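Colleague: I have a model open and want to learn how to read it. Can we go through it feature by feature?

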Amino acid sequence: MMKLTSRLLSHLETSFQKVPNPDTVRFTVLTSVPRRTTSLYPYARDHPRCFQVDYLVTLATEVERPSPSSATATKVTEGDSDPKVEANGAQVVEGKGKGKVLTTALSAHLYILPQHRTSILYISKLDSSGHPNTKTPLSRLFITSTLSYFLHHRPTSHVRIQLFARSQGQYLFPNSSEGPKKVLGGLGLCGWWKGVYEDVAASSISNEGNGYQAKLGMVLPGYSWDEARGMLGQRRPLADGLEWTASAPFDTPLPSPSTSSSSSSLGPSSSLGPTSSSGEITTQSRPSLASLIPSLPDDPKARFLDDLISDRSQDPQRRHNLLKPKNDSEGSSSSMPSSSPGKKKERDPLKNRAKAEDEAERRFTHATLEAISVGEYWERMGFRQECISGDVTGFFTLESSPSVSSSNTTSTPMTSPSTRNPITSPTALPHAIVDRILSALLNTDFKTFESSLDHSALWENQVKSLVVDEIGEEGYKACVGSVEGKMGLEDPAPKRKEEAPVTMLQPRKKKKVQ
């Protein structure tokens, strides 16, 4: 049986083999067992068959440990009730030589819809600790390699990589913004992610150009397409066959289970038309937001959908009309005599009533969202507080699907052909364990280099203890890997000329004539 986590780990190790990193880098790749979920399209009339897999991937760097500090050791081990953790913590703090510090961490969710041959990879959080201070772009290579893995070893034939870029001091490394970490502003962060998406898409085309095509789309809420392109610019030429479009996330419904064309299967909706000549989003028909835009964790799109439902629910007459049963005579049929046992007679009316209420609620939410056009939705999104809170934010989308000439191309290593269900990796963990490990990371301190070293070691001990308890020592070893440090290798990427900072609305000063 295929070890999925090991494949991602092997992919990361291979990507870092030619990097001129002076220090050893170590990876931890944790995935959850695929589980059924109905939360992706909660307002759709019919929930599609969907499985969710959670990912927590970290990159650590091996560095020289500073001289031991008794104060630091006391601070780290104080209050720990677990003797094993306390002993390990003290041993790491007082140890000599090298230590490991967490450098980058990624939390992501993969949604697999087998019947629609579609997967959605949602980048929930990506953060760097700011340690150690190195010129090698480890974080960029780390995220680029991770995203490329899902296109090279695609879960389904159609893959969408979705991200909402918003600048904050820290996401996964507490107090790291108070240390040496350089936090990019909104515009700089959007430009950084734009470059990452271009690298991932170009890598996909170069490796799978014989069967798949890639589409890049971005929307900066509150800005027109021309303004967005002007602010982010194009620092380098795009690969052949790639171009950025003003495509909002999920501007086309899921592929139909019966055909490879982009047609809706979650309700009466049709795909969006092309963008206009000016690059603005246009529609030829009105698909329902309920079956078009998924509800992803901690995502502004999902919160906006919830607010739209809440606002329309305030109209009692509209809600009454939508919740009214289609056929009033259906309710009276349940009171007819039945030859079934007494218990069934008592349960059936309650079960039928609950089912009817649930169906009516679905009709209400679906009709509410169907009344709002996609263009109106994204126009109003530009006025949402979390999108215009004084800084630039951006939605980035990468869609990869079989080209028209090779529509029969299939590459589904994560999906079982017989059951059409995701294959469970032997090293997969229960969702609660992955969530617990993520919560443990959020209870650390990365303000200083010393505290980052200590808390990285303590977190690693917690990970090992929890993983070994679930899948054993060999399973834990399959979740961690490393690439040794090396010197003397040339940087595979050509050095670029240093660019002057971009200034907005600032005329260039003329030189004085002597």
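Predicted model: local features only at pLDDT ≥ 70, side-chain atom pairs only at ≥ 80, totals over all residues.

Colleague: What share of the residues counts as buried?

Modeller: Of the 514 residues, 46% count as buried. The chain exposes about 26200 Å². Carbon and sulfur atoms supply 50% of that area.

Colleague: How do contacts relate to sequence distance?

Modeller: Take contacts between residues at least 6 apart in sequence. In this chain, 80% of them join residues at least 24 apart.

Colleague: Now strands. Which partners does β1 have?

Modeller: Look for the bridges, then for the sense of the pairing. Strand β1 covers residues 25-31. β1 pairs with β3, residues 51-64, in the antiparallel sense over seven bridges. T31 stands opposite Y55 in β3. β1 also pairs with β10, residues 480-483, again in the antiparallel sense, over four bridges. There, R26 has S482 as its bridge partner.

Colleague: Is β1 covered or open?

Modeller: Mostly covered. Six of the seven residues of β1 are buried.

Colleague: How does β6 pair with β5, parallel or antiparallel?

Modeller: β5 and β6 pair in the parallel sense, over six bridges.

Colleague: Which residues lie on each face of β6?

Modeller: On one side are H158, R160, Q162 and F164. On the other are V159, I161, L163 and A165. Both faces are covered, and all of these residues are buried. That is eight of eight for β6.

Colleague: On to helices. How do I describe a packed pair?

Modeller: Two packed helices are described by the angle between their axes and the distance between the axes. Here, take α12, residues 431-441, and α13, residues 449-477. They pack at about 170°, with their axes 10 Å apart. An angle over 145 degrees counts as roughly antiparallel, so α12 is roughly antiparallel to α13.

Colleague: Which residues make that contact?

Modeller: α12 brings I433, R436, I437, A440 and L441. α13 brings W459, Q462, V463, L466, V467 and E470. By class, the contact residues divide into eight nonpolar, one polar and two charged.

Colleague: Single residues next. Why does L398 count as buried?

Modeller: Buried means under 20% relative accessible area. L398 has 1% relative accessibility, so it counts as buried. L398 is found in strand β9, residues 394-402.

Colleague: What is L398 in contact with, beyond its neighbours in sequence?

Modeller: Leave aside residues within four places in sequence. L398 is then in contact with L151, V159, R160, I161, Y197, V200, A201, K215 and L216. Check G217 as well. L398 and G217 are 181 residues apart in sequence, yet 6.5 Å apart in space, C-alpha to C-alpha.

Colleague: And L187: where is it, and what does it touch?

Modeller: L187 is found in helix α5. At 33% relative accessibility, L187 counts as partly exposed. Not counting residues up to four places away, L187 touches M231, L232, D391 and V392. Its C-alpha is 9.3 Å from that of R166, which is 21 residues away along the chain.

Colleague: Which residues have a positive phi here?

Modeller: R117 and N175 are worth a look. R117 has a phi of about 55° although it is not a glycine. R117 sits in the loop between β4, residues 98-113, and β5. N175 has a phi near 65°. N175 is in the loop between β6, residues 158-165, and α5, residues 186-208. At 27% relative accessibility, N175 counts as partly exposed.

Colleague: Where is there a cis peptide bond?

Modeller: Go to the bond from H131 to P132. That bond is cis, with omega near -15°. P132 lies in the loop between β5, residues 118-128, and α4, residues 138-152.

Technical notes
Residues numbered from 1 in each chain as written. Heavy atoms only, no water. Axes fitted to C-alpha atoms, helices over the stretch in contact; angles between N-to-C directions. Helix = DSSP H or I, 4+ residues; strand = E, 2+ residues; numbered from the N terminus. Parallel < 35°, antiparallel > 145°, perpendicular 65-115°, else oblique. Contact = heavy atoms within 4.5 Å. Nonpolar A, V, L, I, M, F, W, Y, C, P; charged D, E, K, R; others polar. Buried < 20%, exposed > 50% of the residue type's maximum accessible area, 1.4 Å probe, protein only. Pairing = 2+ DSSP bridges. Areas by Shrake-Rupley, 256 points an atom, 1.4 Å probe, with all protein chains shown as cover.
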